[in-house]
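Welcome! Here is a short briefing to read alongside the structure. Please have a look at the chains first, and then follow the notes below.

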Number of protein chains: 2
Amino acid sequence: MFENILLNVSRNITLTDDEKNTFTGLLERRMVPRKTVLLRAGDICQFEAYIVKGCARIYHVDINGCEIILSFAVEDWWISDLASFHEQKPSMFFIEALEKTELLMLSPKNKQRLLHEVPKFERIFRILIERSLYTIQNRLLSTIGKSAMDRYLEFVDMYPTVPPRVPQYHIASYIGVSPEFISIIRRRLASKAPIP
Amino acid sequence: MFENILLNVSRNITLTDDEKNTFTGLLERRMVPRKTVLLRAGDICQFEAYIVKGCARIYHVDINGCEIILSFAVEDWWISDLASFHEQKPSMFFIEALEKTELLMLSPKNKQRLLHEVPKFERIFRILIERSLYTIQNRLLSTIGKSAMDRYLEFVDMYPTVPPRVPQYHIASYIGVSPEFISIIRRRLASKAPIP
């Protein structure tokens with residue numbers, strides 16, 4: 001159960017067997033059915049979750065009731081609203097499982113314990129937040145400066161396993177176009193002869 | 001010279017006089033004229049800078065040569081490309097002083113020394129990166145889901161001292177509209193009777 005998450009963290013820090021046990025002992029395993037809402041806007045996010053198996057999305061609902069998808073997460077990704085989690089303030093986001101999903105969740109209290117007992121985990125969580133920042137900076141630049149086609153290609157590059165797993169309207173919400181426009185983009189891409 | 005930066009960090013951590021001296025001893029003061037480029041896209045960002053006096057912007061130039069302003073920073077703000085600074089990889093951004101600006105700069109090496117000698121600074125830098133993430137998440141949601149008028153009002157709310165200090169085309173670049181449209185928004189706002 002912990003094999004993948006230990007591989008995930010060992011890309012950045014080296015852990016002794018004792019430290020591995022401390023870490024895994026602080027994780028709570030959850031298996032949730034499709035469409036489970038893990039976080040609701042207005043609530044305080046009480047987890048950083050590692051996805052063992054499954055797929056989730058984090059999204060905002062604006063004042064007109066329109067959904068804006070911030071990101072997807074699949075196997076070997078972490079998902080959370082880090083701003084809400086760290087500051088313990090109400091989230092602007094929903095997090096929803098899009099498939100039956102197995103998660104390993106770390107609560108704020110257990111994260112504090114982990115950092116106290118194994119301070120080298122600071123590095124992992126710093127890297128996670130830096131990557132989130134980096135990803136969202138890129139997304140903002142694409143949203144402002146790039147065409148819908150380029151944004152779609154970036155999406156596929158970033159989430160190669162997601163397109164067959166989620167409804168087209170979720171992809172449209174992420175790209176910021178109508179679902180019909182996603183169909184047009186896909187037809188255009190399909191009609192191009194492959195590069196020899 | 002260090003009064004404001006010490007007030008800035010003391011909002012989140014308590015420092016002894018020795019710790020304050022360690023911190024300020026690792027800062028490099030720079031006074032730069034208007035239009036100084038502090039970071040160039042393609043270079044690795046070698047500083048986290050606190051603005052004592054002045055104003056700067058961080059921006060991206062897309063493949064068509066269009067500028068996209070990620071954020072402004074004025075007195076008591078920090079400015080850096082945190083992704084480039086932490087990962088020591090080439091930046092996608094330029095950082096430019098928009099006025100004669102006084103900065104206190106922390107290099108990667110001195111930051112490491114600081115964290116080694118005064119580990120409680122981890123908290124400050126974690127908070128800085130969380131705020132950046134939070135700010136940019138909000139900005140992305142506004143860019144996708146809000147009108148130009150709402151984005152302008154958010155900009156003024158976030159940077160109340162910036163509008164009189166920077167050219168209108170920089171504000172337009174931040175909002176994602178033409179400079180002419182900023183004039184239209186301002187005229188509309190000015191024509192509204194004040195709420196009694």
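Leu6(A) touches Leu15(A), Lys20(A), Phe23(A) and Thr24(A), leaving aside residues up to four places away in sequence; contact here means heavy atoms within 4.5 Å. This is a predicted model, in which local features need pLDDT of at least 70 and side-chain atom pairs count only at pLDDT 80 or more, while totals for chains, interfaces and linings use all residues. Residues are numbered from 1 along each chain as its sequence is written, chains are lettered from A and ligands numbered from 1 in the order in which they are written, and side-chain values use heavy atoms, with hydrogens and water left out.

- Leu6(A) is found in helix α1 of chain A; helices (H or I, at least four residues) and strands (E, at least two) are DSSP runs, numbered from the N terminus.
- Between Leu6(A) and Tyr50(A) there are 44 residues of separation in sequence and 11 Å in space, C-alpha to C-alpha.
- Chain A has an open sheet of four strands in the order β1-β8-β3-β6, with antiparallel pairing; two strands pair if DSSP finds at least two bridges between them.
- β1 (28–32) and β6 (78–79) of chain A stand at the edges with a single partner strand each, so one side of each has no neighbour in the sheet.
- Strand β3 (residues 48–53) of chain A runs antiparallel to β6(A), and two bridges join them.
- Tyr50(A) has Trp78(A) in β6(A) as its bridge partner.
- Helix α1 (residues 3–10) of chain A packs on this sheet and touches β3, β6 and β8 (101–106) of chain A, its direction making about 120 degrees with that of β3(A). Axes are lines fitted to C-alpha atoms, for helices over the stretch in contact, and angles run from 0 to 180 degrees between N-to-C directions.

**The sheet of chain B**

- In chain B, an open sheet of four strands has the order β1-β8-β3-β6, with antiparallel pairing.
- Its edge strands are β1 (28–32) and β6 (78–79) of chain B, each pairing on one side only.
- Five bridges link strand β3 (residues 48–53) of chain B with strand β8 (residues 101–106) of chain B in the antiparallel sense.

**Where the chains meet**

- Chain A puts 27 residues in contact with 28 residues of chain B.
- The two chains, A and B, bury about 3000 Å² between them, 74% of it on carbon and sulfur atoms. Buried area is the accessible area (1.4 Å probe) that two parts lose on being put together, summed over both.
- Leu133(A), Leu140(A) and Leu141(A) supply 20% of the area that chain A buries against chain B, more than any other three residues.
- Four residue pairs are in polar contact across this interface, both residues at pLDDT 80 or more. A polar contact is a pair of N or O atoms within 3.5 Å; within protein, one must be able to donate a hydrogen and the other to accept it, and residues adjacent in sequence count only if both atoms are side-chain atoms.
- β5 (67–73), α3 (82–87) and α5 (121–145) of chain A are the elements giving two or more residues to the side that touches chain B. α5(A) gives the most, with 15 residues.

**Salt bridges**

- Over all chains the count is 26 salt bridges, each a side-chain nitrogen of Lys or Arg within 4 Å of a carboxyl oxygen of Asp or Glu.
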